[in-house]
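User: I am new to reading protein models. Can you walk me through a few features, step by step?

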Amino acid sequence: MAGNKIEEYDVVICGSGSAGLCAAAYLARCGLSCKVIEARDGPLKMGQADGVQCRTVEIMESFGMADDLLRESYHVLEDVFWSRAEGGKLVRTRVTGDTAKGLSHMPHVIINQARLHEYLLDGMKRWHGQEVEYGKTVVDVKVDEDAAAADPESYAVTITYLSHGETQTIRSRYVLGCDGAHSTVRRSLGYKMVGDSTDAVWGVMDIHPVTDFPDIRKKAILRTASTAVLIIPREGGSLVRFYIELSHGTTPSEVTLKNLQSAAQEAFHPYKLEFPATIWWSAYYIGQRHADFFSKDNRVFLTGDACHTHSPKAGQGMNTSLQDGYNIGWKLAAVLRKQVSPNLLRTYNLEREVVAIDLIKFDRKFAAALSAKSKEDFADFFVKSGRYTAGLTKRYDQSEITNISGSTASLARGLDVGMRFPSTQVVRFCDAKPVQLAQALPADGRWRIVAFPGDIQAAETIPRLEKLASYLTGGGPIATFTGAGEDVDSFIETIVVLYGERLKLEQEQIPDYFWPVTGKYRIRDLHKVYVDEESYNNGHGHAYEFYGVDAKAGAVAIIRPDQHVSLVSSVDELKAIGDFFAGFALPREPEK
């Protein structure tokens with residue numbers, strides 16, 4: 001730091017947990033830098049979280065990280081339930097598939113949280129040279145409210161932290177408090193956690209067990225009169241994680257590894273259970289609480305455990321935290337790129353606070369069901385809540401970026417405005433490759449207009465596309481909100497999904513706008529047009545049916561940079577598209 005000048009940053013992220021790294025990764029993917037400070041001396045080595053729900057795998061896919069994750073992780077395919085029968089015998093009471101068919105094209109997987117962080121750290125560095133500064137402990141965060149209100153460009157937040165024993169001070173336009181359940185950022189703002197005053201105590205062990213228990217390589221829920229054990233097979237073949245509910249009145253600091261081993265052996269009896277290797281173990285309090293406020297002056301935003309804590313039973317903590325970072329990450333990127341007003345950031349509270357409160361309500365129900373006397377009660381609840389635990393029930397409310405009231409839901413009955421855009425297989429027009437449509441929606445900060453113009457052979461289809469292209473580029477949102485000298489798809493990209501026989505259409509019949517000249521080498525991008533058709537070797541051909549779109553009527557869906565559906569409207573009445581973007585996007589300087 002030269003002289004007395006205080007360094008200034010657009011974004012400072014306090015904490016490198018799942019939320020902080022996901023937000024930093026999104027910013028880096030959009031070519032934006034931030035300062036990430038972390039109290040630990042280095043990256044996380046062994047995390048308490050391990051379950052990666054379907055929606056989180058979809059998010060990792062949007063970052064281009066799913067292949068490694070799917071290869072390395074344990075795939076949860078079946079859940080089993082065990083209880084004590086009369087006479088004390090331990091019996092299997094139910095077997096069910098882990099994820100209902102059709103919920104997602106991605107599975108529920110298990111991998112150590114530290115490894116998930118490695119993917120995000122690698123992406124940050126690869127995309128924009130972004131790294132984490134370790135050994136820096138936040139001491140205080142203050143917002144200059146007058147400066148924040150007067151000038152949206154001001155560096156209105158002051159952050160004080162310790163680095164190698166020395167006090168450092170920096171300023172930032174925006175700060176993310178991603179520093180965990182004991183968040184200094186939250187305390188600095190004077191915010192409190194509200195919720196249960198009684199904390200449950202859980203123990204956790206990562207072990208290589210020697211056992212004759214038949215379901216040790218399946219996700220299993222084992223309940224006895226005295227305890228509950230969640231058995232989570234881990235990646236690698238023999239590693240298993242046990243979550244063990246400890247008795248009320250237990251103090252985590254007094255729990256020993258022997259206590260956890262004895263509790264597990266008692267629960268497994270009469271099956272043998274030995275512990276030749278314990279990789280990691282811990283015991284900790286878990287309360288069901290949320291912060292009374294999630295942001296300050298639209299400048300400081302709390303994420304993850306800093307604003308919501310809950311039990312590990314339902315496997316939601318890391319996932320919800322990472323999705324907090326995903327939500328605020330794309331919004332900050334859009335603001336810093338001057339594509340949208342800073343007022344858009346207010347939707348973080350609108351969307352994620354509701355998610356956190358709903359999660360805490362769900363966690364209470366989950367805990368009550370787990371403790372229910374009837375062994376069937378919990379199994380029924382678990383199966384019925386599968387969509388929630390997969391992360392696929394989050395519906396964002398009406399806002400400037402989620403137009404539920406202005407949508408025509410009947411045009412795409414398979415889409416729910418406010419929820420994430422589900423994926424199904426389509427065939428790419430240019431090379432006949434069968435792909436998941438989600439692959440056309442990477443997390444790079446762009447909005448997508450997904451057009452379903454109808455049957456390739458119908459007389460109205462190509463004129464529909466010509467009309468759409470003419471509107472978007474001739475005074476519509478592409479012309480209005482794309483900056484001078486930028487590629488035509490730099491802010492809003494249009495994806496076309498046609499219906500029918502691909503070979504009945506030639507590339508040159510498709511309007512130029514849908515295969516534009518872009519990029520460094522000014523080459524036509526042929527990867528924006530898809531067909532609802534059976535592939536040569538992978539079947540399918542039911543996308544219009546999947547999305548509930550009539551091939552004659554067609555539809556248009558606007559998809560946010562986080563893959564949530566913003567609007568469903570007619571492919572023939574295009575003004576709704578322009579009106580939607582005019583509600584939040586900033587007009588760009590025309591090319592001179």
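Analyst: Let's begin with a pair of strands. Five bridges join strand 24 (residues 447-455) to strand 29 (residues 555-559). Keep in mind that this is a predicted model.

User: In which direction do strand 24 and strand 29 run, parallel or antiparallel?

Analyst: The general idea comes first. Strands of a sheet pair through backbone hydrogen bonds, and the pairing is either parallel or antiparallel. Here, strands 24 and 29 run antiparallel. To find your place, look at valine 450, which stands opposite alanine 557 of strand 29.

User: What is the order of the strands in the open sheet?

Analyst: Read across the seven strands: 23-22-28-25-24-29-30. The pairing is mixed. Strand 23 (434-436) and strand 30 (565-569) are the edge strands, each pairing on one side only. On average, neighbouring strands in this sheet are turned by 30 degrees against each other, direction ignored.

User: Which strands does helix 12 lie across?

Analyst: Helix 12 (residues 461-473) lies across strand 24 and strand 25 (492-499). Against strand 24, helix 12 runs at about 155 degrees.

User: Which residue just after helix 2 takes a positive phi?

Analyst: That is glycine 64, with a phi of about 75 degrees.

Terms used. Residues are numbered from 1 along each chain as its sequence is written. This is a predicted model: local features need pLDDT of at least 70, side-chain atom pairs count only at pLDDT 80 or more; totals for chains, interfaces and linings use all residues. Side-chain values use heavy atoms; hydrogens and water are left out. Helices (H or I, at least four residues) and strands (E, at least two) are DSSP runs, numbered from the N terminus. Two strands pair if DSSP finds at least two bridges between them. Axes are lines fitted to C-alpha atoms, for helices over the stretch in contact, and angles run from 0 to 180 degrees between N-to-C directions. Contact means heavy atoms within 4.5 Å.
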